Amino acid sequence: MLNIVLFGPPGAGKGTQSERLEGRYNLVHLSTGDIFRANIKGQTELGTLAKSYIDKGQLVPDDVTIKMLESEVNNHPDADGFIFDGFPRTKPQAAALDTFLSSKNTEIKMMLSLEVPEEELRDRLKKRAEISGRTDDADPAIIQNRIDVYRKETEPVKEYYEEQSKLEKVDGLGSIDDITQRLFAAIDNN
Ligand code: AMP
């Protein structure tokens, strides 16, 4: 199995690049943000809970997020591998993922971290707001909060994978195609 964590701050291009990796390596793409948004749209109980955090640019609590992710993985028993996009976002989520995958006799192969400077992120999110319809993209204060939460709670997850020698940093600047090629190379050379 090929299990990859695609990591990076909001606006780094995780969703766009995940779609390309998914096709090339025949992986199931699991985006926790997309799953939360689908639940919000479907007006589920989980959606209502998630919305109260997402609209403020805060993280949804670990226990809820981990449970949801595990059930999504269990829904794909025949997968050749997964690309985790937007998960794990905290060290406890990373530890829970390791425990869960090892109970299934598999593991994370690598974390690909898209490296993008903060100025560029703000620009990209502003542009994305015009087309995404995402409420959390529309307000500069919420965008800033998401970036702050990323720095404080999510960026340390890199250390978690670095300690396991699984961290691979990838330059996230340039054309979408160029970045895709860098990601392919990082996976193929691993
Ligand atoms: P994203 O689409 O990955 O930018 O996620 C949108 C929002 O969903 C985030 O700002 C969080 O509020 C929430 N979210 C997504 N993934 C997670 C996660 N792994 N842990 C906690 N909250 C999450």
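Trainee: Hi! Where is N26 found?

Mentor: Look in the loop between α1 (14–25) and β2 (28–31). Helices (H or I, at least four residues) and strands (E, at least two) are DSSP runs, numbered from the N terminus. This is a predicted model, where local features need pLDDT of at least 70, side-chain atom pairs count only at pLDDT 80 or more, and totals for chains, interfaces and linings use all residues. Residues are numbered from 1 along each chain as its sequence is written, and side-chain values use heavy atoms, with hydrogens and water left out.

Trainee: Thanks! What is the phi of N26?

Mentor: Near 55°, which is positive although N26 is not a glycine. Most residues other than glycine have a negative phi. Q43 also has a phi near 55°, and this residue is in the loop between α2 and α3.

Trainee: And at what angle do α2 and α3 pack?

Mentor: About 120°, with the axes of α2 (residues 32–41) and α3 (residues 45–54) 8 Å apart. Axes are lines fitted to C-alpha atoms over the stretch in contact, and angles run from 0 to 180 degrees between N-to-C directions.

Trainee: Which residues of α2 and α3 make the contact?

Mentor: F36, N39 and I40 come from α2, while L46, G47, A50, K51 and I54 come from α3. Contact means heavy atoms within 4.5 Å.

Trainee: Changing topic: which residues come nearest to the ligand?

Mentor: Of the 16 residues around the ligand, those are T32, R37, Q58, G86 and Q93. A residue counts as near if one of its heavy atoms lies within 4 Å.

Trainee: How far is the side chain of T32 from a nitrogen atom of the ligand?

Mentor: An N or O atom of that side chain is 2.7 Å away from the nitrogen. For G86, a backbone N or O atom is 2.9 Å from a ligand nitrogen.

Trainee: One last thing: is the peptide bond from F87 to P88 cis or trans?

Mentor: That bond is cis, with omega near -5°. P88 sits in the loop between β3 (82–85) and α5 (91–103).

Key
A polar contact is a pair of N or O atoms within 3.5 Å; within protein, one must be able to donate a hydrogen and the other to accept it, and residues adjacent in sequence count only if both atoms are side-chain atoms.
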